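Hi everyone, thanks for coming.

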Amino acid sequence: MARARFHSLPVAEVRPLTAASVEVTFAVPDELRGEYDYLPGQHVALRAHVDGRELRRSYSLCRPPEPGRISVAIKRDLGGAFSTWATSELRPGDAIDVMSPQGTFTLDSERMQDRHIAGIAAGSGITPLMALAGSVLAASSTSSFTLVYTNRTAVDVMFLEELADLKDRYPARLALHHVLSREQRSAPLLSGRIDEERLRRMLDTLLPPDTVDEWFLCGPFELVQLCRDVLEEYGVARERIHFELFTTGEPGEPRGDVGHPVVVHEGERTAEIEFRLDGLTSTVTTPVDANESVLNAALRVRPDVPFACTGGVCGTCRARLVSGDVRMTENYALEPEELERGYVLTCQSHPLTDRVVVDYDV
Ligand SMILES: Cc1cc2nc3c(=O)[nH]c(=O)nc-3n(C[C@H](O)[C@H](O)[C@H](O)COP(=O)(O)OP(=O)(O)OC[C@H]3O[C@@H](n4cnc5c(N)ncnc54)[C@H](O)[C@@H]3O)c2cc1C
Ligand code: FES
């Protein structure tokens, strides 16, 4: 996998989706096409200066891959710094920094053949599923997709028209169920919050788990957790349940210590962190008592070390632990199989040994 890096990309189009969300399309120049190839379900980090502060936030790519353009859908989060700015200020012709795509919440074309894929999304969690549903249905004439999409009310539904168009294009292979938590729909099953009881009824009637090959869940922490637990009780294997979290649901976001200044004093006990990035090996020391993250320390000597959320959610700061040991505080991004292969989130990793070696290039 090529290392993620930022390039400034021009905004080609800003299209309102709902009163609180926009689709932003960036033009990808020919010479950068290879860097922005992606699999449906992946995300990019955007970087901008807002009120004098550098902000980085991740956004899922919302369309099936298409050469020369990439699109994200941004929903305004009440009081949110980046989303408020992006949904009100971004205009065609502006340019902002976009990182090359990342993420494992995806399917390659082989795993799209002759499959029944199910997606459960809430609110802006629809974005990666828009890309996945469109791609799966186009990739194989014997694949089908069932999408359960929950919102508060009908006016909150993002991509309402695009979803209807997709349903028109694939009437027999796309099953689309809009669930509204604060509005009555004609079917009682689709009116109200998705709690355990409603979820079980949906699985028993609309979406029997034994008909589904893979599951993709994207929404708030509690909904994703509920779906994972109930699906496991229905006997669905963990490796067939993929999930993407946009936040951990903790108020105030669990931001890491990135940017936190750490000074190494003479005679202090330190650990040594060695890391490879873009083929170049660098070393930095960190005071043991500072309990600094590997990422924070690495940024002291290489400002181009990749990161976005700093809260263990996006996976942008992933690297492979080559030697030594670390303690990871949070992990909402790495799959069990990546952990087994030695990957860590460097924004959440704190050295436990005197020397730690990580590799961002693998
Ligand atoms: C992999 C990934 C993919 C994502 N994809 C999408 C996507 O496709 N579309 C999308 O819209 N979003 C997506 N997100 C979420 C996105 O990255 C941002 O987190 C989101 O837009 C909010 O950012 P913000 O800067 O507007 O809010 P922030 O300023 O980060 O604030 C977040 C929330 O916390 C509250 N808050 C902030 N500071 C405090 C405080 N001190 N105390 C209490 N509350 C506080 C704010 O009011 C706000 O509600 C994704 C996230 C990840 C990790
Ligand atoms: S920067 Fe997002 S998980 Fe580390």
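Buried here means under 20% relative accessible area, exposed means over 50%, and partly exposed is in between, with a 1.4 Å probe and protein chains only. Arg56 has a salt bridge to Glu54, with 2.9 Å between the closest N and O atoms. By salt bridge I mean a side-chain nitrogen of Lys or Arg within 4 Å of a carboxyl oxygen of Asp or Glu. Glu54 itself is partly exposed, at a relative accessible area of 39%.

A quick word on the ground rules. This is a predicted model, where local features need pLDDT of at least 70 and side-chain atom pairs count only at pLDDT 80 or more, while totals for chains, interfaces and linings use all residues. Residues are numbered from 1 along each chain as its sequence is written, chains are lettered from A and ligands numbered from 1 in the order in which they are written, and side-chain values use heavy atoms, with hydrogens and water left out.

Now let's step back to the whole chain. There are seven helices and 18 strands; these are DSSP runs numbered from the N terminus, helices being H or I with at least four residues and strands E with at least two. How does the radius of gyration compare with that of a compact globule? For 362 residues the globule would come near 21 Å, and the chain has 21 Å, so the two agree. That radius is taken over C-alpha atoms, and the globule rule is 2.2 Å times the number of residues to the power 0.38. The C-alpha trace spans about 70 × 50 × 40 Å along its principal axes, and 51% of the 362 residues count as buried.

Back to the charged pairs. How many salt bridges does the structure hold? The count is 23. One of them joins Arg63 and Glu23, at 2.6 Å from N to O. Arg63 sits in the loop between β4 (53–60) and β5 (69–75), and Glu23 in strand β2 (residues 21–27), so this pair ties together parts 40 residues apart in sequence. Arg63 is partly exposed, at 27% relative accessible area, whereas Glu23 is buried, at 2%.

Another salt bridge links Asp354 and Arg269, at 3.7 Å from N to O. Asp354 is in the loop between β17 (349–351) and β18 (355–359), and Arg269 in the loop between β11 (241–244) and β12 (270–277), so here the parts tied together are 85 residues apart in sequence. Asp354 is exposed at 51% relative accessibility, and Arg269 is exposed too, at 58%. Elsewhere, Arg15, Glu23, Arg63 and Glu162 form one network through salt bridges that share partners.

Next, please find helix α6 (residues 294–301). Six of its eight residues are buried, so the rest of the structure largely encloses this helix. Those buried residues are Val294, Leu295, Asn296, Ala297, Ala298 and Leu299. What do they pack against? Their partners are β12, β13 (280–287), β15 (326–328), β17 and β18, where a contact means heavy atoms within 4.5 Å.

One last stop: Arg318, in strand β14 (residues 318–323). Arg318 is buried, with 16% relative accessible area. From Arg318 to Val358 is 40 residues in sequence and 9.6 Å in space, C-alpha to C-alpha.
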